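Me: I have not looked at this structure before. Please show me how to read it, one feature at a time.

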Amino acid sequence: MTTLDRKGTFKVEYLQEIEKKVQERWEKENIFEADIPDDVNQEKFLCTFPYPYMNGRLHLGHTFSLSKCEFAARYNRLKGKAVLFPFGFHCTGMPIKACADKLKREMALYGCPPVFPDHEEEFVKEEDTVPKDKSKGKKSKAVAKTGTAKYQWQIMQALGIPEDEIKKFADEVYWLDYFPPRAVADLKRMGIHVDWRRKFITTDVNPFYDSFVRWQFNHLKNRNKIMYGKRYTIYSPLDKQPCMDHDRSSGEGAGPQEYTLIMMQVLEPLPEPLKQCMAKPTVGSTQISNTLLLKLSKMVYLYVQREQQEICPTRDLLKMMVNLKSSKK
């Protein structure tokens with residue numbers, strides 16, 4: 001079976017020209033702008049769409065999902081309803097920050113523009129001991145648009161961004177200035193039924209949206225609709241804050257790890273292994289402050305010297321265990 005070549009593009013170009021003229025007329029006459037109706041009894045219809053994340057251009061998946069909102073908005077408008085379709089762009093969270101930080105590291109390591117190594121770095125893949133949440137997606141928002149590119153610089157090149165402009169994306173705020181306007185232009189080309197006076201981006205860069213969210217939560221709190229509790233979460237030591245699945249450039253689906261800490265008093269005379277380690281740290285042990293971590297088989301033993309009848313807080317001990325686990329890699 002042979003592939004049929006297109007004989008000509010006249011019909012396509014003719015239809016595109018009609019589309020362009022109609023869209024220009026829509027914009028000139030403000031067809032999609034929705035104000036408060038004069039008739040208070042006129043039926044209303046509000047259409048919303050989950051904010052697309054602005055770490056890249058919109059793609060065909062957005063178009064497919066948006067078509068449902070578009071059809072609903074136009075159908076209800078034809079029925080005489082007052083239709084409002086606002087549009088937001090998601091810029092909060094860590095994925096944009098993670099991408100900007102990757103660019104900074106790549107430029108620091110390989111120059112600007114970077115010259116990446118030709119060879120692939122070899123590494124031994126260790127057994128993944130981090131529990132996964134099977135209900136989570138397999139790709140995070142930070143990596144869903146990367147394709148086969150290995151470096152963030154290459155990802156930006158694949159998006160058609162000139163090299164002299166890529167370096168600007170090391171500033172996370174620049175992402176907010178670059179991608180949302182291009183998303184609006186793409187959506188206008190689609191002819192989507194949106195009142196563009198009511199577009200917005202998230203984050204406190206937009207004081208109006210930030211104020212709106214604060215107003216919501218303050219009212220919910222005043223009505224006792226917000227409850228504070230405790231739950232396990234993933235914490236980022238680098239950013240010093242909890243980070244959700246979509247906030248991470250890697251490790252989506254990872255769950256909290258559980259440790260069992262058993263504290264026992266070691267009586268004099270000390271066991272021989274501890275005597276040797278206290279005299280001089282050996283292979284398989286890590287000296288941290290006044291606490292000794294001794295790795296024997298798969299167990300971790302901690303020997304803590306007392307200072308003024310106090311021992312290290314539990315949080316410090318757990319931190320040492322995490323550091324010890326990291327040192328194995």
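Me: Is N224 buried or exposed?

Reply: Some background comes before the case. This is a predicted model, in which local features need pLDDT of at least 70, side-chain atom pairs count only at pLDDT 80 or more, and totals for chains, interfaces and linings use all residues. Residues are numbered from 1 along each chain as its sequence is written, and side-chain values use heavy atoms, with hydrogens and water left out. Buried means under 20% relative accessible area, exposed means over 50%, and partly exposed lies in between (1.4 Å probe, protein chains only). N224 has a relative accessible area of 61%, so N224 is exposed.

Me: Where does N224 sit, and what is its phi?

Reply: Helices (H or I, at least four residues) and strands (E, at least two) are DSSP runs, numbered from the N terminus. N224 is in the loop between α7 and β5 (235-236). Its phi is positive, about 60°, although N224 is not a glycine.

Me: Which phi does N30 have, and where is N30 placed?

Reply: N30 has a positive phi of about 55° and is not a glycine either. Its place is the loop between α1 (10-28) and β1 (44-46). With 39% relative accessibility, N30 counts as partly exposed.

Me: How many salt bridges does the structure hold?

Reply: A salt bridge is a side-chain nitrogen of Lys or Arg within 4 Å of a carboxyl oxygen of Asp or Glu. The structure holds twelve of them. One of them joins E29 and R25, with the closest N and O atoms 3.1 Å apart. E29 is partly exposed at 43% relative accessibility, and R25 is exposed at 55%.

Me: What is the accessibility of D195 and of R197, which form a salt bridge?

Reply: D195 is buried, at 0% relative accessibility, whereas R197 is partly exposed at 42%. Their closest N and O atoms are 2.9 Å apart. Both residues belong to a network of salt bridges that links E33, D35, D195, R197 and R198.

Me: How far apart in helix α7 are D210 and R214?

Reply: They are four residues apart, which means a separation of about one helical turn. Helix α7 covers residues 207-222, D210 among them. D210 and R214 form a salt bridge, with the closest N and O atoms 2.9 Å apart. R214 is exposed, with a relative accessible area of 53%. Contact means heavy atoms within 4.5 Å. Leaving aside residues up to four places away in sequence, D210 touches T203 and D204.

Me: What span does helix α6 reach, and what is expected?

Reply: The expected span of a helix is 1.5 Å times one less than its number of residues. Helix α6 (residues 172-190) has 19 residues and reaches 28 Å from its first C-alpha to its last, close to the 27 Å expected. Its buried residues include W175, F179 and L187. Among the elements that cover the buried residues of α6 are α2 (60-78), α3 (95-110) and α4 (152-158). Just after α6, G191 takes a positive phi of about 80°.

Me: Which residues does Q152 touch?

Reply: Q152 is in helix α4 and counts as buried at 2% relative accessibility. Not counting residues up to four places away in sequence, Q152 touches C99, K102, L103, E106 and W175.

Me: Which peptide bond is cis?

Reply: The bond from C112 to P113 is cis, with omega near 0°. P113 lies in the loop between α3 and α4.
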